[in-house]
6 protein chains.
Amino acid sequence: MPEITINLAAGRTDEQKKGMMLDITQALVKNLGVTADAVVIQINEAPLNNKMKGGQTFVERAAAAKK
Amino acid sequence: MPEITINLAAGRTDEQKKGMMLDITQALVKNLGVTADAVVIQINEAPLNNKMKGGQTFVERAAAAKK
Amino acid sequence: MPEITINLAAGRTDEQKKGMMLDITQALVKNLGVTADAVVIQINEAPLNNKMKGGQTFVERAAAAKK
Amino acid sequence: MPEITINLAAGRTDEQKKGMMLDITQALVKNLGVTADAVVIQINEAPLNNKMKGGQTFVERAAAAKK
Amino acid sequence: MPEITINLAAGRTDEQKKGMMLDITQALVKNLGVTADAVVIQINEAPLNNKMKGGQTFVERAAAAKK
Amino acid sequence: MPEITINLAAGRTDEQKKGMMLDITQALVKNLGVTADAVVIQINEAPLNNKMKGGQTFVERAAAAKK
């Protein structure tokens, strides 16, 4: 019954997100001894203008990373 | 002032969601003795590829449910 | 699989919280057509100094309500 | 390392959201003594039909506000 | 910058929780290509009376599991 | 009606937390044009063993910072 919420900037592929959620499911099964069926994960994906770190929006961070 | 966040896979109708939020508002008014105006509910809706249970994405779960 | 998180100021009885969570479970079963077993609810309870509304902490709001 | 999640009804401009996140970053730097780079903020924006207060959806609240 | 929040019933050891968070960090590094330092995880632990699944509080579920 | 949730490691004083929540309230009033009364903030405080960044628990980070 652990419920995992992931706040994530938009831009990852379905494969990346699926692989991440599968490995997280395993992390809980292995360490907490719960069944996989008890593990629920939701990604709350934010467009880059809806997220900020260090006073820069993720739009600004992405632009700076391209320079 | 209780704030309720609902992580939900996409796919429900507006009527279903409104009915659910109305009944949840009543649940808090009845049990906690707060006014309806103090109750705020937000649904964070995830596309099926952004949610996993039991090691299956909700895309996979929906496909398996159709078989 | 809807997961409900309730941000709540400390101070309610176990009976109030259980009654609220039971009625919320019913709200989802009735409106979304999920089974009760698919509904997971967690209350994240905050001490009154860790919560603010209208620029007043819940410590200040409780004191004002007693006057 | 404080992580801030903001549940917000859709409808604000990018400028409003950026200004809000910048001021929130400053609020944490000033009061907690953390660096700006340690502060991560995500806005989880909900369409008006996915949010309710006082038993009214934000669609209904917006319509009432126009009258 | 992915931020992970885990809603968890109280009762796990520090070793279980640390092992889980380490494996989750690796899951994000491996699948999203972020550095470990970008990954922040917080467990919001709830006492058993503050959590419900299937209409049973986790106090009731723990008692039923002992029978 | 914006609802703000802050995931924070334990250890700050009530004054720091109150000052932070007051400034955040102002950030929303100023940038979104809402009234202070519409702004609800909850701090979900985690003990240091329930939080990890960069693969280190906050217990380990605090110990490393003291060296």
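Two strands are taken to pair if DSSP finds at least two bridges between them. Helices (H or I, at least four residues) and strands (E, at least two) are DSSP runs, numbered from the N terminus. The structure is a predicted model, in which local features need pLDDT of at least 70, side-chain atom pairs count only at pLDDT 80 or more, and totals for chains, interfaces and linings use all residues. Side-chain values use heavy atoms, with hydrogens and water left out, residues are numbered from 1 along each chain as its sequence is written, and chains are lettered from A and ligands numbered from 1 in the order in which they are written.

An open sheet spans several chains. It is formed by 8 strands in the order S4(B)-S3(B)-S2(A)-S1(A)-S1(E)-S2(E)-S3(F)-S4(F), with mixed pairing. Its edge strands are S4 (56-57) of chain B and S4 (56-57) of chain F, and each pairs on one side only. Strands of a sheet pair through backbone hydrogen bonds, either parallel or antiparallel.

Strand S1 (residues 3-9) of chain A pairs with S1 (residues 3-9) of chain E in the antiparallel sense, over 5 bridges. Here A:Ile6 stands opposite E:Ile4. S1(A) is also joined to S2(A), in this case by 7 bridges, and these two strands run parallel. A:Asn7 has A:Asn44 as its bridge partner in S2(A). From S1(A) the chain crosses through helix H1 (residues 14-32) to S2(A), a β-α-β crossover that is right-handed. Right-handed means that, with the strands pointing away from the viewer, the path from the first strand over the helix to the second runs clockwise.

S2 (residues 40-46) of chain A is mostly covered. Of its 7 residues, 6 are buried (under 20% relative accessible area; exposed is over 50%, partly exposed in between; 1.4 Å probe, protein chains only). S2(A) is joined to S3 (residues 51-53) of chain B by 3 bridges, and the two run antiparallel. A:Val40 stands opposite B:Lys53 in that strand.

A:Gly11 lies in the loop between S1 and H1 of chain A. Its relative accessibility is 66%, so A:Gly11 counts as exposed. A:Gly11 and A:Asp37 are 26 residues apart in sequence, and their C-alpha atoms are 28 Å apart in space.

Helix H1 of chain C (residues 14-32) has 19 residues. At 1.5 Å a residue it should span 27 Å, and its end C-alpha atoms are 27 Å apart, which agrees. The expected span is 1.5 Å times one less than the number of residues. Buried residues of H1(C) include C:Met20, C:Met21, C:Ile24 and C:Leu28. Their cover includes S1 (3-9) and H1 (14-32) of chain B, S1 (3-9) and S2 (40-46) of chain C, and S3 (51-53) and S4 (56-57) of chain E. C:Gly33 follows the helix, with a positive phi near 70°.

Chain E can be laid on chain D with an RMSD of 0.0 Å, by a turn of 180° and a shift of 0.0 Å along the axis. These two copies are thus related as by a two-fold rotation axis. Superposition is by least squares on the C-alpha atoms of residues with pLDDT of at least 70 in both copies. Of the residues of chain E, E:Glu3 comes closest to the rotation axis, at 3.6 Å (C-alpha). Of the interface residues of chain E, 100% are also interface residues in chain D, so the copies meet through the same surface.

Terms used: Contact = heavy atoms within 4.5 Å.
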